[in-house]
Amino acid sequence: MVSASSLRARVRSEMHQEIKDAARRRLAEEGANLSLRAVARDMDIVPSALYRYFPSRDALLTALIIDAYEGLGAAAEAAEAAVPRADLRGRWLAVCRAVRAWALAHPAEFGLLYGNPVPGYAAPPETVAPASKVILLLAAVVGDAPGEPGSPRPLPGPVRADLRRLIDQQAADLPEECLDRVLLAWTHLFGQLTFEVFHRLDDMIGARAEYFEHHMALLADLAGLP
């Protein structure tokens with residue numbers, strides 16, 4: 001027999017999910033300017049009912065952001081795990097392709113993560129770990145490469161210090177030059193996807209998949225992957 005407390009927990013979990021699903025549909029229609037009243041209206045419930053599950057718009061936005069980062073990270077991790085460990089370039093490209101596939105399949109969520117900042121919203125610390133999954137995955141691939149990539153230009157001292165701080169925060173074993181190239185690749189990856197998802201490549205590049213593959217291969221070269 002299901003206890004009363006278990007039943008309440010299940011109902012609460014299901015209601016959480018229904019609210020987030022309704023909010024995602026609203027995101028797809030109107031972007032990240034969420035209104036709890038609009039979400040409640042879509043669900044045909046009174047707004048006060050939502051506040052029992054999400055005390056504010058920001059709390060709901062945070063839940064959606066964490067879910068989106070987790071979904072993106074899971075897609076990248078699954079793709080990378082399916083490639084033999086010795087195939088460093090294959091692992092790199094698998095991550096990039098999975099990120100692109102997820103972004104194109106979830107444009108509203110991608111916009112919430114990497115589009116215009118939501119006015120008045122500041123992401124809380126609990127979003128940092130899920131937001132870091134893709135870059136840490138790329139860094140792990142580069143970290144498995146033999147040797148250290150040469151650098152055509154020495155790192156400025158303050159930049160090296162910032163990179164070392166980031167490496168130490170993750171307890172990673174990675175030269176600053178490697179992380180520098182991973183960050184360059186990460187910003188290019190998401191910058192290119194931003195242009196594609198938000199139609200800024202329209203009337204410029206028709207061969208989107210080939211364009212993406214070409215750039216990700218160039219970035220793999222830059223990262224020193226064989």
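Visitor: Is K20 buried or exposed?

Guide: Keep in mind that this is a predicted model. The cut-off for buried is under 20% relative accessible area. K20 has 12%, so K20 is buried.

Visitor: Which residue forms a salt bridge with K20?

Guide: Look for a side-chain nitrogen of Lys or Arg within 4 Å of a carboxyl oxygen of Asp or Glu. Here D67 pairs with K20, and their closest N and O atoms are 2.8 Å apart. D67 lies in helix α4 and K20 in helix α1, so the pair ties together parts that are 47 residues apart in sequence. D67 is partly exposed, at 28% relative accessibility.

Visitor: Which residues are linked with K20 and D67 in a network of salt bridges?

Guide: D21, R24 and E109 are linked with them.

Visitor: How many salt bridges are there?

Guide: The count is 19.

Visitor: Where does E80 lie, and with which residue does E80 form a salt bridge?

Guide: E80 lies in helix α4, residues 57–81. Its salt bridge is with R85, at 2.8 Å between the closest N and O atoms. E80 is buried at 7%, whereas R85 is partly exposed at 42%.

Visitor: How many residues apart are R164 and D168?

Guide: They are four residues apart in helix α9, about one turn of the helix. R164 is partly exposed, with 27% relative accessibility.

Methods:
Residues are numbered from 1 along each chain as its sequence is written. This is a predicted model: local features need pLDDT of at least 70, side-chain atom pairs count only at pLDDT 80 or more; totals for chains, interfaces and linings use all residues. Side-chain values use heavy atoms; hydrogens and water are left out. Helices (H or I, at least four residues) and strands (E, at least two) are DSSP runs, numbered from the N terminus. Buried means under 20% relative accessible area, exposed over 50%, partly exposed in between (1.4 Å probe, protein chains only).
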